[in-house]
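Hi,

Here is the structure I promised to pass on to you. Have a look at it first, and then read on for my notes.

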Amino acid sequence: MSKTKLVVIGVGAIGRMHVERARLHPQCEVVAVSDPTPAGEAFARAENLRWFADYTQMLDEMRPQGAIVATPNATHLAVGVACIERGIAVLMEKPIADTVEQAAALTRAAETAGVPLIVGHHRRHNPILRHGREIVQSGRLGKAVSAVAMATFFKPDSYFDMAWRREKGGGPVLINLIHDIDMLRYLLGEIVQVQAVSSNKVRGYGVEDTAAAVLTFENGALGTLVVSDCAAAPWNWDLAAGEAAHYPQQRVNTHFITGTEGSMTLPLLEIWSYRGKKGWHDPLSVEMTTPHRVDPYHEQLRHFSAVIAGTETPVCSGDDATRTLAATFAVHRAVASGEAVTLPV
Ligand SMILES: NC(=O)c1ccc[n+]([C@@H]2O[C@H](COP(=O)([O-])OP(=O)(O)OC[C@H]3O[C@@H](n4cnc5c(N)ncnc54)[C@H](O)[C@@H]3O)[C@@H](O)[C@H]2O)c1
């Protein structure tokens, strides 16, 4: 079977990771990259890949089957549309776009052209989350009651050397919490209301360093989320789930889902339930599953190839990612207004 021919647009932090993951992949290969910076050119040379300063020239010359777009958020719509106009499938890094309107425009462009578009909410490709979703959907937890998600970590001071990370839009709500919001949507369904508060009291930048949100799900469940980039703590998915080697893994839970018949923790996948009588004076039992470990970025590449081949439908479509983006922006809107924000807006 021939490998799916891909290009990567933008080879900064995550674009490079995609190139490295694709190197080991049996189903796809990266044939060229585009990034106008000297660092981008040097990376291409080191990886022995063709390099283009202009991504449109690369798309026209290389005619790939798919493009991984890993450029800054503000460029996502223009770059995505350029691929779609050429009939080239898109794996768009998250967030799908800079605004909900742009996200909808990109999704419509792909639909109209009949070109596949998937969005890089890679945690959906983690077998731990997949298994957790199966447990929720099997009804084993009963009726969903609540969700608690922790995204508390400490980003080193050097992370903030780049000015945009100290300004509005560059904070942990849009960069990190969006992943946890997407996870909870994937597990429990649509979010219909968001309340939130935030603080910048520790770092003192123009953007939040900490935020807390309360979610109402369409099925009636309630959720609380805390995100902070100035908390010396292990309770965040990146450290707990062991998805990437540069995050030293910690054996802790970060997501807690309760239901009327049982509850579940992630990523350790403990399921708590009553074997006999059900009541807070009765003994609870706990059982634990260890799913086979799969690198979600590797699995996402396999999925992208399958979507291009027409054998799978997107695990995270443009519409899905737009709803995650809308719920994430709702956190900022709720902070600004001091009021609950109802979704969809
Ligand atoms: N899924 C994840 O876990 C994850 C992790 C990190 C970043 N991201 C997302 O990936 C995207 C990139 O983030 P990053 O941290 O890699 O940023 P980055 O700044 O490290 O890299 C972006 C790269 O895009 C290049 N670029 C800018 N304009 C370009 C253009 N017109 N053509 C080609 N290249 C261009 C820049 O030169 C830079 O090298 C963002 O949307 C971000 O939210 C996702």
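Which residue forms a salt bridge with E111? The partner is R108, and the closest N and O atoms of this pair are 3.2 Å apart. Before we go further, please keep in mind that this is a predicted model.

**Salt bridges**

Side chains of opposite charge can pair when their charged atoms come close. In this model, the count comes to 23 salt bridges. I picked out a few of them for you.

Let's stay with E111 and R108 for a moment. Both residues sit in helix α5, which covers residues 100-113. They are three residues apart, about one turn of the helix. How accessible are they?

The next pair is E287 and R275, which form a salt bridge with their closest N and O atoms 3.4 Å apart. Is R275 buried or exposed? At 62% relative accessibility, R275 counts as exposed, whereas E287, at 29%, counts as partly exposed.

A further salt bridge brings together the side chains of D282 and K277, at 3.8 Å from N to O. K277 is exposed, with a relative accessible area of 65%. There is also a network to look for: R124, D182, R185, E190, D320 and R323 are joined into one by salt bridges that share partners.

**Helices that pack together**

Now back to helix α5, this time with its neighbour α4 (residues 76-85). The two pack at an angle of about 5°, and their axes are 10 Å apart. Why is α4 called roughly parallel to α5? Angles under 35 degrees count as roughly parallel, so this pair qualifies. On the α4 side the contact is made by H76, L77, G80, V81 and I84, and on the α5 side by Q102, A105, L106, A109, A110 and A113. Sorted by class, this contact of α4 with α5 has eight nonpolar residues, three polar ones and no charged ones.

Helix α4 also meets α3 (residues 55-62). Here the axes come within 10 Å and cross at roughly 20°, which makes α3 roughly parallel to α4. The crossing of α3 and α4 is right-handed. Which residues of α3 take part in the contact? They are Y55, T56 and L59, and they meet A78, V79, A82 and C83 in α4. The classes in the contact of α3 with α4 are six nonpolar, one polar and no charged residues.

The last pair is helix α6 (residues 127-138) and helix α7 (residues 172-188), packed at an angle of about 35° with their axes 8 Å apart. L129, R130, G132, R133 and V136 of α6 make the contact with M183, Y186, L187 and L188 of α7. This contact of α6 with α7 divides into six nonpolar, one polar and two charged residues.

Enjoy exploring it, and write back with any questions!

Best wishes

Key: Residues are numbered from 1 along each chain as its sequence is written. This is a predicted model: local features need pLDDT of at least 70, side-chain atom pairs count only at pLDDT 80 or more; totals for chains, interfaces and linings use all residues. Side-chain values use heavy atoms; hydrogens and water are left out. A salt bridge is a side-chain nitrogen of Lys or Arg within 4 Å of a carboxyl oxygen of Asp or Glu. Helices (H or I, at least four residues) and strands (E, at least two) are DSSP runs, numbered from the N terminus. Buried means under 20% relative accessible area, exposed over 50%, partly exposed in between (1.4 Å probe, protein chains only). Axes are lines fitted to C-alpha atoms, for helices over the stretch in contact, and angles run from 0 to 180 degrees between N-to-C directions. Angles under 35 degrees count as roughly parallel, over 145 as roughly antiparallel, 65 to 115 as roughly perpendicular and the rest as oblique. Contact means heavy atoms within 4.5 Å. Ala, Val, Leu, Ile, Met, Phe, Trp, Tyr, Cys and Pro count as nonpolar, Asp, Glu, Lys and Arg as charged, and the others, Gly among them, as polar. A crossing is left-handed if the near helix is turned anticlockwise from the far one by less than a right angle, and right-handed if clockwise.
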